[in-house]
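My entries follow in the order I made them.

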Amino acid sequence: MSRRARLWMFAPALAGMVALLIWGLTGLPDFGHYRGPYGKVLAKVAVPERKATNVVASTTFDYRGFDTLGEEMILFSAALGLVVLLRELRGEEEEDEEADDDEEGIEGREERTSDALRIFGLGLVGPTVVLGIYIVSHGALTPGGGFQGGLVLVTALLVVYLAGRYAAMRRVSPIPMLEVGEAGGATAFALIGLGGLVIAGIYMKNFIDPGTPKTLLSGGVIPLLNISVGLEVAGAFALAFTEFLDQTLLLRGSGGDES
Amino acid sequence: MIEAVQIAALLVVAAGGTAVVLVRDPLRQAVVLSFYGLVLGVLFFAFQAPDVSLSQITVGSVGVPLMLLLTIAKVRKRERERE
Amino acid sequence: MSFLPYAVAAWLFGVGLYGVVTSRNLIHLVVCLTVVQSSTYVLLLAIGYVGAGKAPIFADIPQGTTVVDPVVQALTLTDVVVEAAVVALLLALVMQAHKRFGTLDPDELGVMRA
């Protein structure tokens, strides 16, 4: 049907849906009067039981670890789908471009960035990596964890690209290493859960001794899960960025820039 | 019950979301989306959720706008080739 | 006034959906989808908020202080990262669609060829 007809049908439907939504939302408890017992029980019980002071991390990786496994698999499938989609595109593009009379290689296309930018970037990469590792490893103690720390690690990679050249970024993080990191993270997560099954009889049960709170090794299996999640998130997003950058830059290569 | 900071953050988030939708050009939308990600992070922080705020700031201000920019670059490159 | 968080969530949902339906550019459509996603985050966190509660990190506050609900935060934080990966996948699809049909207009897909 035509666009106009579609929009005319959409307006009352949207109004009805938002009205229904608002009516449903008025049935919720007032803002600030959270009723449900699960959260209150967890807040009371999480630190004595698991000795991890970050209750959100305990919930994500221990009490609701199974849900996080599902999310990990979504992340993995999304990265997989992205790689499959863009690989086919690139192969075809290289075929098309060979017919073109193009002489610029990858070297000629990129301008050299200024020295100030490169020094600044160089100075920034180290602390960013350290910050990422810090956030990942202290996930059980302070706000942070695998998801956030993995993204900060990807930012370090992007600084290499922004302050330098694309070839430098590719040399630091070749695609096979990213793929292995990402798949390894996802597998490690599932296998640690399996360890819970083997050792303690329940899948994803926390089977390592919790330790004392506020130390780096507290929380039992939570730091390990944090590391595996950090690996996977960093690998998935770095892979996504590399594939996207490939699309925009490597189009003209006949054979590409395999440094 | 609801604090002034939360009210202010909520109103800015509503305005930001509307702005993201009303800006039609994808390139400008990437910048507005980056700002919206930051504002959303501040809102989550006002709701006493520092973990979520951390995730949102890194993803919403850096991750998604960067991928948007790369998609736009690729699409424009292909359109330029076509001419 | 205490209905404001829920109202903002519903507003974001409606505005994002309006953007998706009336979009003329596939990339704009994907970004409006991001706005719809963010409405669910706001709703989840608003549900779990406890009045005058603190963040559920017991590293520096004594055990037993009122904290906000940690379960919804766990859900939202994994959700934020995973949805970004899904958006990346959608953008790859947009690139593929542009290559195939030569246009980014959702109404014209399937009509023009590259």
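**Entry 1: a covered helix in chain A**

I started with α7(A), which is mostly covered, with 16 of its 18 residues buried. I count a residue as buried if 20 or more other C-beta atoms lie within 10 Å of its own, as exposed if 12 or fewer do, and as partly exposed in between, with C-beta atoms placed from the backbone. Helices (H or I, at least four residues) and strands (E, at least two) are DSSP runs, numbered from the N terminus. α7(A) runs over residues 146-163 and reaches 26 Å from its first C-alpha to its last, close to the 26 Å expected at 1.5 Å a residue. The expected span is 1.5 Å times one less than the number of residues.

I noted the ground rules here. This is a predicted model, in which local features need pLDDT of at least 70 and side-chain atom pairs count only at pLDDT 80 or more, while totals for chains, interfaces and linings use all residues. Residues are numbered from 1 along each chain as its sequence is written, and chains are lettered from A and ligands numbered from 1 in the order in which they are written.

**Entry 2: chain A overall**

I found ten helices and zero strands in chain A. Of its 259 residues, 41% count as buried. I then took the contacts in chain A between residues at least 6 apart in sequence: 73% of them join residues at least 24 apart. A contact means that the C-beta atoms of two residues, placed from the backbone, lie within 7 Å.

**Entry 3: chain C against chain A**

I looked up this interface next. In it, 41 residues of chain C are in contact with 46 residues of chain A. On the chain C side, α1, α2 (26-48) and α3 (70-101) each supply at least two residues. The largest share, 17 residues, comes from α3(C). By class, that side has 29 nonpolar, nine polar and three charged residues. I class Ala, Val, Leu, Ile, Met, Phe, Trp, Tyr, Cys and Pro as nonpolar, Asp, Glu, Lys and Arg as charged, and the others, Gly among them, as polar.

I checked two of these helices. In α1(C), residues 4-21, the end C-alpha atoms are 26 Å apart, which agrees with the 26 Å its 18 residues should span. Since 14 of those 18 residues are buried, α1(C) is largely enclosed by the rest of the structure. α2(C) has 23 residues and reaches 34 Å, close to the expected 33 Å. Here 18 of the 23 are buried, so α2(C) is also largely enclosed by the rest of the structure.

**Entry 4: α1(A) on α1(C)**

How do these two helices cross? The axes of α1(A), residues 3-25, and α1(C) come within 10 Å and cross at roughly 160°. That makes α1(A) roughly antiparallel to α1(C). I use "roughly antiparallel" for angles over 145 degrees, "roughly parallel" for those under 35, "roughly perpendicular" for 65 to 115 and "oblique" for the rest. Axes are lines fitted to C-alpha atoms, for helices over the stretch in contact, and angles run from 0 to 180 degrees between N-to-C directions. Residues in the contact include A:F10, A:L14 and A:V18 of α1(A), and C:Y6, C:A10 and C:F13 of α1(C). The contact residues divide into twelve nonpolar, one polar and no charged.

**Entry 5: chain B against chain A**

I counted 17 residues of chain B in contact with 19 residues of chain A. The chain B side has ten nonpolar, four polar and three charged residues.

The axes of α10(A), residues 222-249, and α3(B), residues 50-82, come within 8 Å and cross at roughly 20°. That makes α10(A) roughly parallel to α3(B). Among the residues that meet are A:F237, A:F241 and A:F244 in α10(A), and B:L66, B:L70 and B:K74 in α3(B). This contact has nine nonpolar, four polar and two charged residues.

**Entry 6: single residues**

A:V55 is in α3(A), residues 55-63. With 28 C-beta neighbours inside 10 Å, A:V55 counts as buried. Its contacts beyond four places in sequence include A:L42, A:A46, C:P56 and C:F58.

Is B:Q48 buried or exposed? With 23 C-beta neighbours inside 10 Å, B:Q48 counts as buried. B:Q48 has a positive phi, near 60°. C:A52 also has phi near 60°, but C:A52 is exposed, with 12 other C-beta atoms within 10 Å.
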